[in-house]
Amino acid sequence: AGETGTIIKVYAEDVENQIAVIISDLSKDEHVAPCRHMQMTKEIAQGLRSLQGYHQYDLVRIGRNEVGVIIEVGREHLRLVLQDGSTKKIAPSEIQASLNMHSKRATQMTHSRDTIAVDDTVRVISGDYKGTVAVIKHIHKAFLFLYSQSTSVNGGIVVVKARQVEINGTRSAD
């Protein structure tokens, strides 16, 4: 309700029962819905930027060994991508701590033992995201939460281990 997106495919048994596959403007996720529940609009939904003090792209702890980056802010819930790459919808009350400041001070080592930090640009050299060039948004232990404009899922956030990347080009100036 209230979401916008682009229809990429329509299935129809008959005109009354058409089903559309839609790519959400906000989350870039794929949704399926009956066409009769849709209407044409020139508007594009704008997502909320914060909920109860938490913002999109904040790094938060939600369990003893569970952390994630907020990728979508809703009216009552937040959607996170966790350190294992899965996503989870939570209420703000489930957050135990913000880890933004800890992440900004953290460093890690690449596969070639180069030191990397938040805001460095890296290239993924192994795993599902091999070849992806992205900026380090957060570091938590061995996990890097990377932001890539070329990735259309999870708000552009991908999760890899530090040993799966190498420095790409030069570091950002401090």
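This is a predicted model: local features need pLDDT of at least 70, side-chain atom pairs count only at pLDDT 80 or more; totals for chains, interfaces and linings use all residues.
Biologist: What is the protein made of, in terms of helices and strands?

Modeller: The protein has 17 strands and one helix. Its C-alpha atoms fill a box of roughly 60 × 35 × 30 Å along the principal axes. Of its 174 residues, 36% are buried.

Biologist: How many charged side chains does the protein have, and how far apart do the centres of the two sets lie?

Modeller: There are 21 positive and 20 negative side chains, with the centres of the two sets 8 Å apart.

Biologist: How many salt bridges does the structure hold?

Modeller: The structure holds three salt bridges. Side chains of opposite charge can pair when their charged atoms come close.

Biologist: Why is the pair of Lys88 and Glu66 called a salt bridge?

Modeller: The closest N and O atoms of Lys88 and Glu66 are 3.3 Å apart. A salt bridge needs a side-chain nitrogen of Lys or Arg within 4 Å of a carboxyl oxygen of Asp or Glu, so the pair qualifies. This pair links distant parts of the chain, with Lys88 in strand β9 (residues 87-90) and Glu66 in strand β7 (residues 66-73), 22 residues apart.

Biologist: What makes Lys88 and Glu66 partly exposed?

Modeller: Lys88 has a relative accessibility of 31%, and Glu66 has a relative accessible area of 24%. Buried means under 20% and exposed over 50%, so values in between are called partly exposed. Both residues therefore count as partly exposed.

Biologist: How do you know that Glu72 and Arg79 form a salt bridge?

Modeller: The closest N and O atoms of Glu72 and Arg79 are 3.2 Å apart. That value is within 4 Å, so the pair is called a salt bridge.

Biologist: Are Glu72 and Arg79 buried or partly exposed?

Modeller: Glu72 has a relative accessible area of 26%, so Glu72 is partly exposed. Arg79 stands at 15%, which is under 20%, and therefore counts as buried.

Biologist: What makes the contact of Arg123 and Glu166 a salt bridge?

Modeller: The side chains of Arg123 and Glu166 meet at 2.2 Å, N to O. The limit is 4 Å, so the pair meets the definition. This pair also links distant parts of the chain: Arg123 is in strand β13 and Glu166 in strand β17, 43 residues apart. Arg123 has a relative accessible area of 29% and is partly exposed, while Glu166, at 21%, counts as partly exposed.

Biologist: How do you know that β13 and β17 pair?

Modeller: Three bridges join β13 to strand β17 (residues 165-167), and the two run antiparallel. Two strands pair if there are at least two bridges between them, so three are enough. Within this pairing, Arg123 stands opposite Glu166.

Biologist: Which other strand pairs with β13, and over how many bridges?

Modeller: Strand β14 (residues 133-140) pairs with β13 in the antiparallel sense over three bridges. Here Val122 stands opposite Ala134 in β14.

Biologist: Which residues of β13 form the covered face, and which the uncovered one?

Modeller: In β13 (residues 121-124), Val122 and Val124 form the covered face, while Thr121 and Arg123 form the uncovered one. In a regular strand the side chains alternate between the two faces of the sheet.

Biologist: Where does Ile125 lie, and why is it called partly exposed?

Modeller: Ile125 lies in the loop between β13 and β14. Its relative accessible area is 23%, between the 20% and 50% limits, so Ile125 is partly exposed. Beyond its neighbours within four places in sequence, Ile125 is in contact with residues including His111, Lys130, Gln164 and Glu166. Ile125 and Gln164 are 39 residues apart in sequence but 5.6 Å apart in space, C-alpha to C-alpha.

Biologist: Why is Thr110 called buried?

Modeller: Thr110 has 0% relative accessibility, which is under 20%, so Thr110 counts as buried. Thr110 lies in the loop between β11 (107-109) and β12 (115-117). Leaving aside neighbours within four places in sequence, its contacts include Ile116, Ala162, Val165 and Glu166.

Biologist: Where is Glu3, and which residues does it touch?

Modeller: Glu3 is in the segment before β1 (5-11). Not counting residues up to four places away in sequence, Glu3 touches Ser24 and His31.

Note on methods: Residues are numbered from 1 along each chain as its sequence is written. Side-chain values use heavy atoms; hydrogens and water are left out. Helices (H or I, at least four residues) and strands (E, at least two) are DSSP runs, numbered from the N terminus. Buried means under 20% relative accessible area, exposed over 50%, partly exposed in between (1.4 Å probe, protein chains only). Lys and Arg count as positive and Asp and Glu as negative; His and the chain ends are not counted. The place of a charge is taken as NZ of Lys, CZ of Arg, CG of Asp or CD of Glu. Contact means heavy atoms within 4.5 Å.
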